[in-house]
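Please read them with the structure open.

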Amino acid sequence: MGLDPAQLKLNPQWLPFYRSGLRYILRPESSGADASLEQGGGSCPSRDGLLRRLDGLSPPYTALITYWNLCFDLAGAQRTEQSAQREELFGRMLSSLAWPGDEYVFWPNSICPDQEVLADAGLFWHGMRTVQPRYVLVFGRKAATTVFPDFEPDSRRMEIDGVTFVFLPDPEEMLPDNRKAKNLVWHELKSLPIASLR
């Protein structure tokens, strides 16, 4: 594996997210106000800023990953210890799965103006239409009820128009080391043919 020159432009705190696929939202070549993420800016990305980032994607992708606090985890210098723990969790998980980085993207289902996380189903579904995933990995009940307001955890999977939604525990349920939740997620993700679909 060679050095990716784009990584040299990133603040070191973003490297684990970048390496685990978030580079398809956090584009190092972006400029202006939207570049605050790559430079470790202190605020959550705006809804409009996120929508503009969709222009830099190359769909379709095999999987879209979403969880409730994803918007908050993009908050640059204001990221918390919990953000760092989630970052490490997803970084390790995706590294262990060995999914190619161009097979998946992270996309939020919420926004966080004034550091308060608010559901934004419209933002999520707009990203869905752009990304065109085969699988959507929804981590946590808050994310699930944002995507599907009438969500009931009767099943781990649901298919709609050829897209399989996989409902998984919230990252906080897996942290710091909930083996049962982690094993459930591992079993579900290992069963997905992410690396073999393209």
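1. Trp-125 is partly exposed, at 27% relative accessible area; the term covers values between buried (under 20%) and exposed (over 50%), with a 1.4 Å probe and protein chains only. Phe-165, by contrast, is buried, at 1% relative accessibility. The two residues form a tilted aromatic pair, with 6.0 Å from centre to centre and 55° between the planes. Rings of Phe, Tyr and Trp (its six-membered ring) pair if their centres lie within 6.5 Å; planes under 30 degrees apart are stacked, over 60 edge-to-face, and the rest tilted.

2. Which parts does this pair tie together? Trp-125 lies in helix α5 (residues 121-131) and Phe-165 in strand β7 (residues 163-168), so the pair links parts that are 40 residues apart in sequence. Helices (H or I, at least four residues) and strands (E, at least two) are DSSP runs, numbered from the N terminus.

3. The whole structure holds 11 aromatic pairs. One aromatic cluster is formed by Tyr-67, Phe-90, Trp-99, Tyr-104, Phe-106 and Phe-139.

4. This is a predicted model: local features need pLDDT of at least 70, and side-chain atom pairs count only at pLDDT 80 or more, while totals for chains, interfaces and linings use all residues. Residues are numbered from 1 along each chain as its sequence is written, and side-chain values use heavy atoms, with hydrogens and water left out.

5. The protein chain has eight helices and seven strands. Of its 198 residues, 52% are buried. Among contacts (heavy atoms within 4.5 Å) with a separation of 6 or more, 70% are between residues 24 or more positions apart.

6. Thr-146 sits in helix α6 (residues 141-147) and is buried, at 8% relative accessibility. A polar atom of the Thr-146 side chain lies 2.8 Å from the backbone oxygen of Lys-142. Apart from neighbours within four places in sequence, Thr-146 is in contact with Trp-68, Asn-109, Ala-119, Asp-120 and Ala-121.

7. Cys-71 is buried, with a relative accessible area of 1%.

Terms used:
A polar contact is a pair of N or O atoms within 3.5 Å; within protein, one must be able to donate a hydrogen and the other to accept it, and residues adjacent in sequence count only if both atoms are side-chain atoms.
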